[in-house]
Amino acid sequence: MIPQSFEYHVPRTLEEASRLAAQFGADGKFLAGGHSLIPMMKLRLAAPKHLIDLTCLRDLAYIREEGEHVRIGALTTHFRIESSALLKEKCPLLPETAREIGDVQVRNRGTIGGNLAHSDPAADWPAAVLALEAELRAVSPRGERGMAAKDFFVDLMTTALASDEVLVEIKVPQLGHGTGAAYAKLHHPASGYAMVGVAAVIALRDNGAVERAAVGITGVGPKAYRAFAVETALHGKPATQAHLNAAAAHAAEGVDVNADLYASAEYRSHLARVYTRRALEAAVKRARAAATA
Amino acid sequence: MKIRMNVNGNWREDDVEPRTLLVHYLRDVAGLTGTHVGCETSICGACTVLLNQEAVKSCTVFAVQANGAQVTTIEGLAREGKLHPLQQSFWEEHGLQCGFCTPGMILVAHQLLCRNPHPTQEEIRKGLEGNLCRCTGYQHIVKAVQSAASKMSATEPVRAVAAAG
């Protein structure tokens, strides 16, 4: 359980961090809260020769409202998100998701940016940012760019970030009138990771039909994904239990479903459908409450 | 690499390999063996310490990441030979059997009471979710935390131990 030796670097600026990453290439790795990376290093599943610690870049830990968006710095810890009064009011799906991550010690250290950049197939944040249609912003020597969440997760622990790009911000659109969101998760009993985690955002029309549905699912496939088949099945339909059930049946459609000691692919697909239904039900309930508020 | 750390109120400087985990630094370098190594996979919570007054699993933090920080271990809780109310309550309520998980339990409970001085039983259980007891003593542990909460609110507001150190 001792990681392989590495050199430790503490850049004082984003530019320096990016330059170091470019210099080390595949031998370098950014370190944020370390709660995904350090366990992997202890198991020697990861053995970077250079660790570039980003946590001195304190400017990257913030939560603020700007126009129609909430902006969250990549180094914001899960606990800050869980306990943010602003987010509880403006984007309650984020504190609701944060609360489901690991345990209090993990939430004190782990960061939203580190979690997303690591892109563990059973991490919680990917489902939330997919359903919220968030934009993930990154900085490199070539400048700053934004990526849609749906384009960010590429494959198992692989994102659209270049090796010298630092994820700096998660930009989340605020939910409009008549919109509700929910996260439904089955915890792995030992690790706390998601056996399956489903984030759903539902916007209802005045007549009760589904105007827009966005569903992000984690824990099921090699990477978190948008369940477009579920969304399409709901579009324009009244949000009745029968329609929610029918839509949830598509939750694992076209996905190469994970199988491990704990859950076969068949069982995980079943869980995906059940938790999708639960997330949809909760989101619809909240959308109705939001419409009458 | 040279690091400087305030452990239980005392600054110390040491030269460590970057891969040294904080828990090994505390036990093997600082000689504070009250912090236990349990699962080493950030699950069991036996290695919990306060890092800048926040509970962390010290098996999942490199000592170099705590450079310049304040660390409180179980050895730093008692004041002038008098047990901290949490320690006293774990004793009185039989909150331990073998005691292996106890330092971590007490420090995570400290975190809980700093943020929420009057937790419900459910909030205590949620607050302790990252700490495992293999003697299945959770009921007594929850009682101990409840007892400490009432002791602490009766005497003085909960304040961070590290600040007092």
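Tutor: One thing to keep in mind is that this is a predicted model. Let's start with a pair: B:Val7 stands opposite B:Val71 in E5(B).

Student: What makes strand E1 and strand E5 of chain B a pair?
Tutor: Two strands pair if there are at least two bridges between them. Strand E1 (residues 2–7) and strand E5 (residues 70–72) of chain B have two bridges, in the parallel sense, so they count as paired.

Student: Where do those two strands sit in the sheet of chain B?
Tutor: The order is E2-E1-E5-E3-E4 in chain B, an open sheet of five strands with mixed pairing.

Student: Why are E2 and E4 of chain B called edge strands?
Tutor: Strand E2 (10–15) and E4 of chain B each pair on one side only. From one strand to the next, the twist averages 40°.

Student: Which strands does H3(B) lie across?
Tutor: H3(B) lies across E3, E4 and E5 of chain B, at about 40° to E3(B).

Student: And what is the sheet of chain A like?
Tutor: Chain A has an open sheet of three strands, in the order E1-E3-E2, with parallel pairing. Its edge strands are strand E1 (7–9) and strand E2 (28–31) of chain A. Neighbouring strands there are turned by 25° against each other on average, direction ignored.

Student: How do you know that E2(A) and strand E3 of chain A pair?
Tutor: Count the bridges again: E2(A) and strand E3 (residues 50–53) of chain A have four, in the parallel sense, and at least two are needed, so the pairing holds. As an example, A:Lys29 has A:Leu51 in E3(A) as its bridge partner.

Student: How does helix H1 of chain A run relative to E3(A)?
Tutor: Helix H1 (residues 14–24) of chain A runs at about 165° to E3(A), lying across E1, E2 and E3 of chain A.

Student: Now the two chains together. How many residues take part in the contact?
Tutor: Chain B gives 31 residues and chain A gives 31 residues. Between them the chains bury about 2,500 Å², with 57% of it on carbon and sulfur atoms. On the chain B side, B:Arg19, B:Phe62 and B:Gln65 supply 24% of the buried area, more than any other three residues.

Student: Which element gives the largest share of the chain B side?
Tutor: E4(B) does, with four residues. By class, the side of chain B that touches chain A has twelve nonpolar, eleven polar and eight charged residues.

Note on methods: Residues are numbered from 1 along each chain as its sequence is written. Chains are lettered from A and ligands numbered from 1 in the order in which they are written. This is a predicted model: local features need pLDDT of at least 70, side-chain atom pairs count only at pLDDT 80 or more; totals for chains, interfaces and linings use all residues. Side-chain values use heavy atoms; hydrogens and water are left out. Contact means heavy atoms within 4.5 Å. Buried area is the accessible area (1.4 Å probe) that two parts lose on being put together, summed over both. Ala, Val, Leu, Ile, Met, Phe, Trp, Tyr, Cys and Pro count as nonpolar, Asp, Glu, Lys and Arg as charged, and the others, Gly among them, as polar. Axes are lines fitted to C-alpha atoms, for helices over the stretch in contact, and angles run from 0 to 180 degrees between N-to-C directions.
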